[in-house]
Amino acid sequence: MAACGSGGLLLCLGLLLAMPALAATPADRGECAASADKPEIGSAACSRIIGDASEPVAERVKAFKNRGRGAFNAKDYDRAIADYGEAIKLSPKDAWAFAHRCEAYESKEDHDAAIADCTEAIRIDPKYGWAHNNRGVAYYGLHEYDAALADHAEAIRLDPRDAWAYTRRGMAWTEKGEFDQAVADTTEAVTIDPKYAFGFGQRGQALFRKRLITKKGGWEGAIADFSEAIRLDPHLVWLYSSRGVAYSNNRQYDLAVPDCSEVIEREPKNSGGYNCLGVAYEGLKEYGRAIAAYDQSIGINPRNGVAFWNRGNARTALRKIDDAIADYDQAIAINPKDFNAFHSRGKAYVAKGDRTHAIADYTQAIQLNPSYVEAYDNRGFTYEVLGRRTDAIADFRKAQSIDPTDPVSKQQLRVFGF
């Protein structure tokens, strides 16, 4: 540059800008194709292909897709979305690009944008099972579980060996309170792939929720599945918090606290770790410490509806009923299909003497989960107190029809002379 002289600086700069971009080399294509696993190398190669106007459009589309995949794997979702978008501009019928941009949007919890992209991918290629699965994940994020079930069922129809589809459908069944179907689907997933840690973890979740809601079975099955998943993949941090909560519910608090602490140690900003710790402290009846842990969880993730529900339970134990109801309100606002929160709020309203609101909440919990035995029992008690004998008997009979071993409904029907 010094040879140009000060007067020729603008001329030299103009010459540099006029120079063509560095042409892509044959080696760039190989490096770019490997960019998903080695973005630090492949990204530059992809960029050279993208910047080389002499490259065929098809190669530039591949480069945008590969660079986008590398960005996605590096959790740079905005960059991934931008690159997939450029690929779509060059190739508007590229189902792969739409489905992967859908995945990137979903990773940002932009469920509506994800659904739109996966829907377009499916329109282009109706047999694209991976797009059906990703759209199902987005519907799940919106708590539209029936739509999620339909998408995962279609993915399974297209590929009966799709372990991920079975697992995701199992997750949707769990949220609908259909625990046996959830267990069946996740069992199919781990039968297809016996080393599928995520599948074992989700079967553990289904068994956990079944025990929590229906009182059927023990906590041991869930704990065993979480433990197997951890053995298969010790890097899945959420498994430790899940097992920690299961240990707490099994009154094994000495095992719960280390699991919860492991999560926090690995990821200090992990909302689930603090929620897990809160459950352990609540089990130990250290309600102040439990609420402090839930506060931490909610502070990290204000959309953690489970932490609001758990904090509400701790506040109920301290007889802070209005505060508890406020927490249940938040849990329901976050997930309007959270039958646990409706049921717990119903019990809180009973504690306030507001049986009208209690019955409405129990009814909503039952509508969301028609197999919720405890909700039938509690609504039956409330009807009984209000003198609505026929309604109470109907609820206790329904509870018995769902679970003939349920001691509460069995005893109350005896009281009524049946």
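**Helix packing and selected loop residues**

Helix α12 passes α14 in a left-handed crossing, a term used when the near helix is turned anticlockwise from the far one by less than a right angle, right-handed being the clockwise case. The model is predicted, so local features need pLDDT of at least 70 and side-chain atom pairs count only at pLDDT 80 or more, while totals for chains, interfaces and linings use all residues. Residues are numbered from 1 along each chain as its sequence is written, and side-chain values use heavy atoms, with hydrogens and water left out. Helices (H or I, at least four residues) and strands (E, at least two) are DSSP runs numbered from the N terminus.

Two packed helices are described by the angle between their axes and the distance between the axes. For α12 (residues 197-214) and α14 (residues 238-249), the angle is about 25 degrees and the axes are 11 Å apart. Axes are lines fitted to C-alpha atoms, for helices over the stretch in contact, and angles run from 0 to 180 degrees between N-to-C directions. The two helices, α12 and α14, are therefore roughly parallel (under 35 degrees; over 145 is roughly antiparallel, 65 to 115 roughly perpendicular, and the rest oblique). On the α12 side, F198, G201, Q202, Q205, F208 and L212 meet W238, L239, S242, V245, A246 and N249 of α14; contact means heavy atoms within 4.5 Å.

Helix α21 comprises 14 residues, 355-368, and should span 20 Å at 1.5 Å a residue; its end C-alpha atoms are 20 Å apart, which agrees. The expected span is 1.5 Å times one less than the number of residues. Buried in α21 are A358, I359, D361, Y362, A365 and I366 (buried is under 20% relative accessible area, exposed over 50%, partly exposed in between, with a 1.4 Å probe and protein chains only). Because these residues cover an arc of only 165 degrees around the axis, they lie on the same side of α21; the arc is that of the directions from the helix axis to the C-beta atoms. The buried residues of α21 pack against α20 (339-352) and α22 (373-385), whereas the face turned away carries the exposed residues T356 and Q367.

In the loop between α19 (321-334) and α20 lies N335, which counts as buried at 11% relative accessibility. Leaving aside neighbours within four places in sequence, N335 contacts H143 and Y145.
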